[in-house]
Amino acid sequence: MKKHLIFTLMVVFTLGMLTSCQYDFYVPELPDIDPEVDVSFSQEITPIFSAKCLNCHGGNIPPDLRPENAYASIVPARVNLDVPNDSKIYTKPLPDGSHAAKYSDAEAALILTWIEQGAKNN
Ligand code: HEC
């Protein structure tokens, strides 16, 4: 009898756990980015990496985010042009994530816009 009860509770609990996950993508609220104007990889994106990421991604830990190597390290391996907000270079350091360094909301939006525009080497 007791075993049945415990088993039932476990099943109910497990089902609850399985159905409670939500897959929300992080959607930053954003200012000032005109989607019609190309974000510049060299002028706007690599400076973010240089400011926040090179301690670790300066050649030792992939991706190599030094300005001269960043593009090759990111495209195509870490961008998803079909689902831009599923790109690793975007999702990993999101402001609400747990990575060692995180983008600000504005930086995240810039990266996402750059990917949406085709992740150009511009
Ligand atoms: C304090 C060290 C540190 C800093 C600073 C750091 N990272 Fe990382 N990063 C790591 C480590 C370690 C890994 C590998 C383990 C993992 O995936 O979490 C990693 C993994 C990643 C990955 C996943 C690579 C892959 O293909 O699995 C991406 C993308 C990334 N970092 C981007 C960034 C960006 C962008 C910044 C700057 C905003 C940054 N990281 C700053 C340590 C760091």
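Ala, Val, Leu, Ile, Met, Phe, Trp, Tyr, Cys and Pro count here as nonpolar, Asp, Glu, Lys and Arg as charged, and the others, Gly among them, as polar. By that scheme, the shell around the ligand holds 11 nonpolar, two polar and four charged residues. The model is predicted.

Start with the place of the ligand. The ligand sits in the largest pocket. Around the ligand are 17 residues. Cys53, Cys56, His57, Arg78 and His99 come nearest. Three helices each supply at least two residues of this shell: α2 (41-52), α3 (54-57) and α5 (88-91).

Now turn to the metal. His57 and His99 coordinate the iron atom of the ligand. Each uses its NE2 atom, at 1.9 Å. The two histidines link distant parts of the chain. Histidine 57 belongs to helix α3, while histidine 99 lies in the loop between α5 and α6 (105-116). They are 42 residues apart. The iron atom has six donor atoms, with angles of 87 to 178° among them. The site of the iron atom is octahedral.

The side chain of arginine 78 has an N or O atom 2.6 Å from a ligand oxygen. Arginine 78 is also among the residues that come nearest to the ligand. For lysine 92, a side-chain N or O atom is 2.7 Å from an oxygen atom of the ligand. For lysine 88, the corresponding distance to a ligand oxygen is 3.3 Å.

Methods. Residues are numbered from 1 along each chain as its sequence is written. This is a predicted model: local features need pLDDT of at least 70, side-chain atom pairs count only at pLDDT 80 or more; totals for chains, interfaces and linings use all residues. Side-chain values use heavy atoms; hydrogens and water are left out. A residue is near a molecule or strand if one of its heavy atoms lies within 4 Å of it. A polar contact is a pair of N or O atoms within 3.5 Å; within protein, one must be able to donate a hydrogen and the other to accept it, and residues adjacent in sequence count only if both atoms are side-chain atoms. On a 1 Å grid over the protein atoms alone, a cavity is a set of points where a 1.4 Å probe fits but cannot get out, and a pocket is an open set with protein on both sides within 12 Å along at least five of seven lines; lining residues have an atom within 4 Å of a point. A molecule sits in a cavity or pocket if more than half of its atoms lie within 2 Å of its grid points. Helices (H or I, at least four residues) and strands (E, at least two) are DSSP runs, numbered from the N terminus. Donors are N, O and S atoms within 2.8 Å of the metal (3.2 Å for Na, K and Ca); water is not among the atoms, so sites may look incomplete. Four donors count as tetrahedral if all angles lie between 85 and 135 degrees; four count as square planar and six as octahedral if opposite donors are over 155 degrees apart and all others between 65 and 115; anything else is irregular.
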